[in-house]
Amino acid sequence: MNTVFEYNPYILEHHLTEISDTENELLVEQALEADNKRRVELESNEFNVRMDDTDETLKLKKLFLNVCHSVFDGLVEEREQRPIFAYVSNRHRYDSLWHQHLLSSTINGVYYAKVPDDVGSLSIIDPEDAMEKKIIPLERHIYLLPGWMLHKPNPPNLSLIHISEPTRLLSIS
C-alpha cells in the first residue's frame, strides 16, 4: 500500500495482484454488460451502474475489505459494504462532476480495470492547500480515499473505453 502523494496520507494506492488477467478481463466485460443494461435506468444525478454479483465482483469486494482492514486495522468495523458499480467513460461520454460520499461512505475504493490513456485521471481537492490534484490511475490498482474528500473523474482523451469500478464502505467506528 502506497500513498499517492508523499505529503498527503489520505489517498492510498494498491496494486491488486490477486486479480488475474482473466479475472480483470471478465470484470471489464461485466462492467460493459452492466452499463449497456442499466445505464438507461439511471436517474439524472447518477453515473455508476450496479454490477451483478459474480465470482469476480465478489472477489473484488473481498479484496477491498481486506485492504481496508490491513490499512485501518482495528479502526474499521463495517456496517455496510456497497455493491460494486461500473463507471464506463470515453471522450464522448463521461460525467465529470465534483462530489463526495460523506453521508454514504467512510472509505471509497476505486478499482481501475481498464485505463487506455493517462488523461482519464481522478482529481481530488487536497485538504492541505485546497488545490486540485490529479491522480493518474494505473490499471489493476485500487485507490482508497475518505468519504468526505471531494473528487471527480476526468474525461479520457480517447474514444477507447475507460472502466473504473467504485465501491464504498460505511463504518461504525
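Reply: Start at Glu23. Leaving aside neighbours within four places in sequence, Glu23 is in contact with Glu18, Glu56 and Lys59. Contact means heavy atoms within 4.5 Å. The side chain of Glu23 also makes a polar contact with the side chain of Lys59, at 3.0 Å. A polar contact is a pair of N or O atoms within 3.5 Å; within protein, one must be able to donate a hydrogen and the other to accept it, and residues adjacent in sequence count only if both atoms are side-chain atoms. Glu23 itself lies in helix α1. Helices (H or I, at least four residues) and strands (E, at least two) are DSSP runs, numbered from the N terminus.

A word on the basis. This is a predicted model, where local features need pLDDT of at least 70 and side-chain atom pairs count only at pLDDT 80 or more, while totals for chains, interfaces and linings use all residues. Residues are numbered from 1 along each chain as its sequence is written, and side-chain values use heavy atoms, with hydrogens and water left out.

A second, separate core of eleven residues includes Ile11, Tyr112, Tyr143 and Met149. The largest nonpolar core has 23 residues. Leu16, Ile19, Met51, Leu60, Tyr111 and Leu144 have the most contacts inside this largest core. α1 (21-38), α2 (55-71), β5 (85-89), β6 (107-114) and β9 (141-146) each supply at least two of its residues. α2 gives the most, with five. A nonpolar core is a set of buried Ala, Val, Leu, Ile, Met, Phe, Trp, Tyr and Cys residues joined through side-chain atoms within 4.5 Å. Buried means under 20% relative accessible area, exposed over 50%, and partly exposed in between (1.4 Å probe, protein chains only).

Five of its five residues are buried, so β5 is largely enclosed by the rest of the structure. Phe85, Tyr87 and Ser89 point one way from β5, and Ala86 and Val88 point the other way. In a regular strand the side chains alternate between the two faces of the sheet. β5 is joined by two bridges to β3 (residues 49-50), and these strands run antiparallel. Val49 stands opposite Ala86. Two strands pair if DSSP finds at least two bridges between them.

Now the aromatic rings. The structure holds two aromatic pairs. Tyr10 and Trp148 form an edge-to-face pair, 5.1 Å centre to centre with 80° between the planes. Tyr10 sits in strand β2 (residues 8-15) and Trp148 in the loop between β9 and β10, so this pair links distant parts of the chain, 138 residues apart. Both residues are partly exposed: Tyr10 has a relative accessible area of 33%, and Trp148 has 39%. The rings of Tyr112 and Tyr143 have their centres 5.7 Å apart and their planes at 80°, so this pair is edge-to-face too. Tyr112 lies in strand β6 and Tyr143 in strand β9, so the pair ties together parts 31 residues apart in sequence. Tyr112 and Tyr143 are buried. Rings of Phe, Tyr and Trp (its six-membered ring) pair if their centres lie within 6.5 Å; planes under 30 degrees apart count as stacked, over 60 as edge-to-face and the rest as tilted.

On to another sheet. Three strands form an open sheet in the order β8-β7-β10, with antiparallel pairing. β8 (132-135) and β10 (151-153) are the edge strands, each pairing on one side only. Neighbouring strands here are turned by 25° against each other on average, direction ignored. Axes are lines fitted to C-alpha atoms, for helices over the stretch in contact, and angles run from 0 to 180 degrees between N-to-C directions. Four bridges join β7 (residues 122-125) to β8. Leu122 stands opposite Ile135, and Ile125 opposite Glu132. β7 and β8 form a hairpin with six residues between them. In its turn, Ala130 has a positive phi of about 60°. β7 pairs with β10 over three bridges. There, the bridge partner of Leu122 is Pro153.

Last, the whole chain. The chain has two helices and eleven strands. Of its 173 residues, 47% are buried. Among contacts with a separation of 6 or more, 80% are between residues 24 or more positions apart.
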